[in-house]
Amino acid sequence: MIGVETVSVFVLSVVELFQPSEFIGVLVDALSKASLYIMIAAGLTIIFGLIGVVNFAHGSMTMLGAYLGGFLVTVVSPGGLLSVAAFFVAAAGIFVVLTVAGGAMEKALIKPIYDRSPIYHILLTLGVAFVLDELIEIGATLYGISLISPWRAPLDAIPGVLDSTYTVAGASFRGLDIFEIGIGVVAVGVIWYFINRTRYGLYIRACTEDSEMAEALGVDVPRTFTLVFGVGVGLAGVAGLLLTWDLTGLMGQGGGATIFLSTSVLLPAFVVVIVGGLGSFEGTVLAGLLVGAVDALTTWLFVNEVVGFSALPEISLFVILILVLAVRPRGILGSQEVTLD
Amino acid sequence: MDLPDEEGGDDEGRLSSFAGTAGIYLSDHAVHLAVIALLGLYPGIHHIVTGAVSASGYVLPPVDLMVTVFYFGLFAMSFDFISGYTGYLSLGHAAFYGIGAYTVLMVANGLVPYIPADTWFVASIVLAGLVSMGFAVVIGAVSFRLRGFYFAMITLGFTQVMYVFVSRWRYPVAEGSDPSFGISANPEVPGFEIGIPFVDLVSLEFSDSMLAIGRIRGDTVSSLFGTGIELSASSVSYYVIGAVVLLCYFAMQRVIHSPFGRVMVAVRENEERARAVGYNVFAYKIAAFSISAFFAAVAGGLFAGYRRAVSPDETFFFMTSADAILSTVIGGFGTLAGPLYGRTLQEVVENFLAEAPLVPGVLEGHDVLILGVLFVVFVLYFFTGLVGAVRSRVGGKVAEVVGERIRNYFANL
C-alpha cells in the first residue's frame, strides 16, 4: 500500500521536477521524443487520412529506411560538421527511393482491394510487413550487419557537434536532441505546407472530402492516391534514418537500427495516430507532443528512482491507447464516427 | 477435415433405418476420418518413407515439427474461431495463449495460491482456459464497443500491456533470472501427463503402470496396445497433444454448427440485421470471444507443457498473434480446420529450407518470407486460403461433396 513516505517522496520529486535545470532537461527530452513520434506517425496518418488504408507495413518501411539510410550515411559521410549535410543528402535519397517503392506497392497491391473491408487492408499490409522484415533480415545477414544490437556504422558517423553534451542553465542535453527537434519542426512545417498550401495538397484534401466529386472536377484520383501512399512511405523512411542515430529510442526500448525496429516503431506510431484522431495531421502533431511528454516524464520518474518500474514509459503508452479507444475512439481531432465502422 | 453440414439432405427420409443414419453420419464425416487417419499414421508413414527414400525427408517434416503444428494450429484455430467467424480481428489473441502457458507452468511450480503443485496437467489446462475466459470477458466488454480497425487496435493495446507487465514480472521467475527471458518448469516437476483422471484404462501402452494416455514429453512406448509397435518420445508427444487438439477441434466445430455459431456468422455477414432480428449481439460476441480465449489458453498450456519453458516473446507478444494470422489466412480464413493446414504448410516449408540441398543457406529459418508472399497472394486472390482453393475446385464444401459422392455410390450399388 502507498505509505506516507512514498507520497512525500513523490511530492518532493515533483517539486524537484520544477527546478529550472531539471525542467529544461525534461522539456528538451519531451520535445525531441515528440519529434520522433510525429515523424514515425506522419506517414501513417497521411495515408489513412486520404486512402483509408491502415498500413501495417509502416514499421517495416521505417526499418527499411533505417538500414538503407544508415548505409547511405555511412557511404557519403565525410566526417566532421559536413556529416550533418550527409544526413540531409541521405534523407533526400531515402525519401525518393521509398516514395517510388511505396507508389509501386500501392499500384500493385493496395489498389485492387480499396473497396473491400478494412480487414483486407490490415491483412494485406501485414503480409507485406512479413515479407519486408524477412528480406531486410536476410540482407543484413548477407552484409554481416549485427541484427540484435544497434548497427554501429551509422552511429559512428554522428558528427561530434551532435554527439556532445551541452549544459544550459544547469540543464544538460545532447546536441542530437536539438537536431531532432529541428528536424521535427521542419518536417511538420513542410507537411503542413504541402497539405494546405500546394496544388497537390488541394487535390488530397478534395479527395479526402469526396473523391467522386473530385474526380468529376478533373482531379486524377488514382494518381493522387499513389502519390500520397508513396509520400507516406517516404516519410517513414526518413523517420527510420533519424532513428539510426538515436540510441535512447522510444518508450525506453533502446534505439538504433536493429531488426526489432519494425515492431517497436509500428505500435507507438499507431498509438500516436489513434490518439490524435485517424487521418488528422494536426491531431497527430498534438498527440505526438502529448506522447512525447508522457514518455519523457515517465522516463524521468524512473531515472530519478521515484518509480521502480522500468517499463513505465512503455506501459503508459498502451494505457493511453486503451483509454482513448474506450472513452473517445475518434481521438483528439478525428472527425470520423468510428464505432459503426 | 472440412465442415460437414448439419442438414442431412433429402437422403434422410429414404434411409431412416439405424444403418442408414449411421451411413449418413459416416459419409458426412468421411473427410474428417480420412484426415484423422492420415495424421494418425503420419509418424509411421514418415518413418517408413524416409527410411526407404532418404530424400523424402526434405518434404516430410519430422514428427517433432508436426507437434508444433498441433499446438500452434490449435491457437490459430481459436483465433479463426473469433476472427474468421465473427469478422472481428483479434490482434490481441496472443494474450490468451500467454495466459494459458503461464498459468500451467505457475501451477506446476506451485506458485498459484490454493492450487497444489501436483494438480493434474489436464486440470491445470482447464483452469488456464477458465482464467483466460475471465480475462476475455473483461477485455471483450471494453473492446466490443468498437469495430474493424479500432477493435483490432484495442485488443492489441491490451495484449501489449500484459506483455510489458509479464516481461518485468519477478514473481513467477526463478531467483536472479530476468523475467523477459520467461519462466520454466522446475526440474523436479515430472512430465506433464495427458489422460482422464480416475480412468487408467486408456493408455498408449497396455500396462497398469501408467495412469494417463501418456506424458506430453519424454515418454516412449515399447509396445503400442500390446502390438509390439514402438513409439519414440516425439511420437508419443505427437499423439498425446494431437488427441487434445482433436478434442478441441470437435468442440469448436460443434459450437460453430450450433445455432450459436449461426449467430456468430450472422454478426460477420450483417451485424445490424442480426441485432434487428432480436439477438443481443454484444453478448454473443463476448461469449464467442471467451470460448475462443479458452481454446487459445489450452493451446498455450500444451505449448508450455511440451516446451517446459516459455518466454513473453513467444507468448504475449503481438507478433505471436500475427503468426496465427499467417497460418489462418494461408489455410483458410473462416474455415475451422484451415489454420491447421496453414501451419502444416509452414512447417513443411521450414523443414525444406533447412534440409533440402541447393537452397541457399541464408534462407534457412526464413520460411516466413515464402509464406508471406503466399499470404499476400491469398489475401489478394483467394481469401479462403488452401481450403478455399480446394473448395472452388471441387465445387462446394469438401465434406459435403465427398459425403454426397459416397452416398450416391452406395445408392447405385
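In this predicted model, 40 residues of chain A are in contact with 35 residues of chain B, contact meaning that the C-beta atoms, placed from the backbone, lie within 7 Å. The elements of chain A that give two or more residues to this side are α5 (118–142), α12 (261–276) and α14 (312–327); helices (H or I, at least four residues) and strands (E, at least two) are DSSP runs, numbered from the N terminus. The most comes from α5(A), with 16 residues. By class, the side of chain A that touches chain B holds 32 nonpolar, five polar and three charged residues, where Ala, Val, Leu, Ile, Met, Phe, Trp, Tyr, Cys and Pro count as nonpolar, Asp, Glu, Lys and Arg as charged, and the others, Gly among them, as polar.

Residues are numbered from 1 along each chain as its sequence is written, while chains are lettered from A and ligands numbered from 1 in the order in which they are written. Local features need pLDDT of at least 70, side-chain atom pairs count only at pLDDT 80 or more, and totals for chains, interfaces and linings use all residues.

Turning to chain A's strands, β1 (residues 165–168) and β2 (residues 171–174) of chain A run antiparallel and are joined by four bridges; pairing requires that DSSP find at least two bridges between two strands. A:Val168 has A:Ala171 of β2(A) as its bridge partner. Together, β1(A) and β2(A) form a hairpin with two residues between them, and A:Ala169 in the turn has a positive phi of about 50 degrees.

Methods. Contact = placed C-beta atoms within 7 Å.
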